[in-house]
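Welcome! Please take a moment with the sequence and the 3D view below, and then we can walk through them together.

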Amino acid sequence: MRFCPYAHRTRLVLRAKGIRHEVININLRNKPEWYYTKHPFGQIPVLENSKCQLIYESVIACEYLDDAYPGRKLYPYDPYERARQKMLLELFYKVPHLTKECLVALRCGRECADLKLALRQEFCNLEEILGYQNTIFFGGDCISMIDYLFWPWFERLDVYGIADCLNHTPALRLWTAAMKQDPTVCALLIDKNIFLGFLNLYFQNNPDAFDYGLTC
Amino acid sequence: MSGASARSLAKGSAPPGPVPEGLIRVYSMRFCPFAQRTLLVLKAKGIRHEIININLKNKPEWFFKKNPFGLVPVLENSQGQLIYESAITCEYLDEAYPGKKLLPDDPYEKACQKMVFELFSKVPSLVTSFLRRRNEEDCSGLKAELRKELSKLEEVLTNKKTTFFGGSSLSMTDYLIWPWFERLEILELNDCVDHTPKLKLWMAAMRQDPAVSALLTDPKALRGFFNLYLQNSPEACDYGL
């Protein structure tokens with residue numbers, strides 16, 4: 001689905017590694033019955049290859065692509081450095097839920113000061129890592145898997161209306177600026193107006209939300 | 001000197017020195033199911049290691065430098081590198097050490113192991129909830145939830161038609177989920193596998209594995225630990241020593 005942050009992770013990895021692929025978008029509010037044969041709960045993203053092998057859970061799908069395809073490796077080779085990236089992912093685990101809760105609260109006209117505070121705290125933890133490492137990206141001086149795994153939620157902060165949560169985390173702001181320079185991130189950046197159009201329809205429970213912005 | 005049956009280190013204890021060359025250290029606790037995962041992998045791969053037990057009810061201040069979350073297990077090697085989160089420690093050991101590979105080399109088979117492991121993800125918190133509430137209220141709701149999660153695993157074994165979750169021999173996923181199955185009997189939750197015959201067979205097969213049987217915890221000691229742990233006793237982690 002064009003606006004799903006989890007699927008965004010997989011599309012970033014496909015692009016970064018130059019893997020030839022086709023995309024089938026699923027209407028998440030009106031799922032095709034056959035889709036449950038691809039994923040037991042009808043979630044995305046799911047990878048399917050020509051051997052009919054199915055892989056799901058965004059992180060598992062991304063690691064599968066890195067393992068299965070040649071070219072640029074997004075995870076480090078060194079077992080400790082690989083473990084380090086996976087430990088960093090654990091530090092991130094509250095962010096998706098908190099950003100979504102903020103979005104829903106704001107869209108429903110509710111207060112979300114507590115949620116934003118909690119999100120800022122998570123960002124502080126990530127800021128500390130960048131400070132301690134003294135590197136631009138989370139995996140070092142070059143972009144790597146962990147940066148792509150984090151990115152989709154940071155890209156959405158602005159359109160969700162919570163970009164001010166980065167106010168006290170300068171290293172994280174530098175990181176987002178550096179990410180926006182990455183060719184892969186750039187190529188998949190979602191137009192803000194189209195995203196807002198999607199969000200408007202989504203929160204009106206309109207099943208056409210997912211296709212907003214498509215001309216045909 | 002420290003090892004599997006050593007008293008745990010608590011607040012006020014001196015931090016341990018660096019890890020000697022040729023060894024890897026695991027910060028553990030004798031009754032922790034998460035740490036048991038790491039110990040199983042160390043055993044299964046024959047990796048030389050030393051164990052430092054941590055008193056989880058009275059943690060040493062220095063332990064937060066090993067893991068900011070203050071949890072076990074944590075691995076520390078002779079280069080001073082620290083790895084935490086049980087599943088991450090297990091994967092690290094499999095990648096960093098030679099010998100029998102517990103995760104498959106094939107990317108799809110490896111992804112399958114991780115997808116199966118995801119199916120297990122709700123079990124630990126359900127078992128903990130049950131442990132906390134078993135003496136009080138009616139736990140039939142919790143047990144029903146647990147049965148539901150276990151039937152997902154039964155489905156995997158049924159579809160794969162193999163004894164173990166990775167195939168015909170034991171592999172990473174089997175070790176990662178085992179510690180909670182070991183505890184089912186002591187927690188009187190064995191009836192939760194009544195409708196999952198393949199899971200029952202799997203449990204029996206697991207008990208035959210050398211690493212699993214070497215690390216089986218004495219049920220009496222586990223019961224003693226649970227009682228003290230639920231009372232927040234600082235003696236819990238050293239029960240039986």
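## Where the chains meet

In this predicted model, the contact draws 19 residues from chain B and 19 residues from chain A. Together the two chains bury about 1800 Å², and 71% of that lies on carbon and sulfur atoms. On the chain B side, B:Ile88, B:Tyr108 and B:Met115 supply 29% of the area buried against chain A, more than any other three residues.

## Charges and polar contacts

Five salt bridges are found across the interface of chain B and chain A. To see a salt bridge for yourself, look for the side chains of A:Glu63 and B:Lys114, which meet at 2.9 Å, N to O. Between chain B and chain A there are also five residue pairs in polar contact, counted where both residues have pLDDT 80 or more.

Which elements of chain B give two or more residues to the side that touches chain A? They are strand E4 (82–84), helix H3 (86–96) and helix H4 (107–119) of chain B. H4(B) brings the largest share, with seven residues. By type, this side of chain B has 11 nonpolar residues, one polar and seven charged.

## A helix in chain A

Now turn to helix H3 of chain A, residues 79–91. Its 13 residues reach 19 Å from first C-alpha to last, close to the 18 Å expected. At the start of H3(A), a side-chain oxygen of A:Asp78 comes to within 3.2 Å of the backbone nitrogen of A:Tyr80.

Is H3(A) mostly covered or mostly open? Mostly covered: 11 of its 13 residues are buried, including A:Tyr80, A:Arg82, A:Met87 and A:Leu91.

Terms used: Residues numbered from 1 in each chain as written. Chains lettered and ligands numbered in written order. Predicted model: local features only at pLDDT ≥ 70, side-chain atom pairs only at ≥ 80, totals over all residues. Heavy atoms only, no water. Contact = heavy atoms within 4.5 Å. Buried area = accessible area lost by both parts, 1.4 Å probe. Salt bridge = Lys/Arg side-chain N within 4 Å of Asp/Glu carboxyl O. Polar contact = N/O pair within 3.5 Å; in protein donor to acceptor, adjacent residues only side chain to side chain. Helix = DSSP H or I, 4+ residues; strand = E, 2+ residues; numbered from the N terminus. Nonpolar A, V, L, I, M, F, W, Y, C, P; charged D, E, K, R; others polar. Expected span 1.5 Å × (residues − 1). Buried < 20%, exposed > 50% of the residue type's maximum accessible area, 1.4 Å probe, protein only.
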